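Visitor: I've got a model on my screen and would like a quick tour of its pockets and helix packing. Could you walk me through it?

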Amino acid sequence: MSTKQGKVVIISGPSGAGKSTLVQRLLQTCALPLELSISATTRPARSDELNGVAYHFLSPEQFEAKRLAGEFLEYKEVFGQGFWYGTLLKNIEQGLHLGKWVILEIDVAGAMSVIDRVPDAITIFIHPGSMEELERRLRNRQTDSEEAILRRLEVATQEMANRHKYKYQVVNKDVDAAADEVSEILQALEDH
Ligand code: 5GP
């Protein structure tokens, strides 16, 4: 008996597009064997984030040691503030081996690096609807300083300009509907 080979699913979109909530909803509702890859980061944990659940929170030295040991599939400094984020190769290899559909929730630059190494990765861009809606969501979160919000909006504009590089685009106006749409996209690819 052979195990079905898993797949790599990349989900990107500007910070504030509602990716994390959408991915959580997808994990609960989609019938496919999905698994979320937990990235490593040197960013400090927010008050509601648990180590090993939201991210593996590492010191810059720990991150650098993993980088030198070749443990990352890709790594990027995401908001130009000295915080690093990286996808751990081990997560992907283990998941694929078990036939899982491994979800990477990563930025556009990281996605482009992964596509170079995993050309058949499924790529989905989550669109917030409009930049005004995005700004409203970022401000409502009340987790970031004004400077951080402006930086995230600047990066968001660049990310939106790259959305055509993704195979699928999903507008997230209603998170349940958007999660269903992603689920349908994935299920249609099941036998490919
Ligand atoms: P946040 O700080 O809001 O959790 O995430 C900031 C950004 O970093 C998000 O756009 C998220 O998709 C991205 N990100 C999270 N993990 C990774 C990763 O492992 N690699 C890359 N390249 N980006 C990541």
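This is a predicted model: local features need pLDDT of at least 70, side-chain atom pairs count only at pLDDT 80 or more; totals for chains, interfaces and linings use all residues.

Visitor: How many charged residues are in the lining of the largest pocket?

Guide: A pocket, on a 1 Å grid over the protein atoms alone, is an open set of points where a 1.4 Å probe fits, with protein on both sides within 12 Å along at least five of seven lines; lining residues have an atom within 4 Å of a point. The largest one holds about 1,100 Å³ of space, a volume being the space filled by probe spheres set on the points, which are joined across faces, edges and corners. Its lining has 15 nonpolar and twelve polar residues, and the charged ones number 13.

Visitor: Which element gives the largest share of the lining of the second largest pocket?

Guide: That pocket has a volume of about 210 Å³ and 13 lining residues, with Arg43, Arg46, Asp144, Ala148 and Arg152 nearest its centre. Helices (DSSP runs of H or I, at least four residues) and strands (E, at least two) are numbered from the N terminus. The largest share, three residues, comes from α6.

Visitor: How are α5 and α6 oriented to each other?

Guide: Axes are lines fitted to C-alpha atoms, for helices over the stretch in contact (heavy atoms within 4.5 Å), and angles run from 0 to 180 degrees between N-to-C directions. Here the axes lie 11 Å apart at an angle of about 150°. Angles under 35 degrees count as roughly parallel, over 145 as roughly antiparallel, 65 to 115 as roughly perpendicular and the rest as oblique. So α5 and α6 are roughly antiparallel.

Visitor: And what is the handedness of the crossing of α1 and α7?

Guide: The axes of α1 and α7 come within 9 Å and cross at roughly 60°, which makes α1 oblique to α7. A crossing is left-handed if the near helix is turned anticlockwise from the far one by less than a right angle, and right-handed if clockwise. For α1 and α7, the crossing is right-handed.

Technical notes: Residues are numbered from 1 along each chain as its sequence is written. Side-chain values use heavy atoms; hydrogens and water are left out. Ala, Val, Leu, Ile, Met, Phe, Trp, Tyr, Cys and Pro count as nonpolar, Asp, Glu, Lys and Arg as charged, and the others, Gly among them, as polar.
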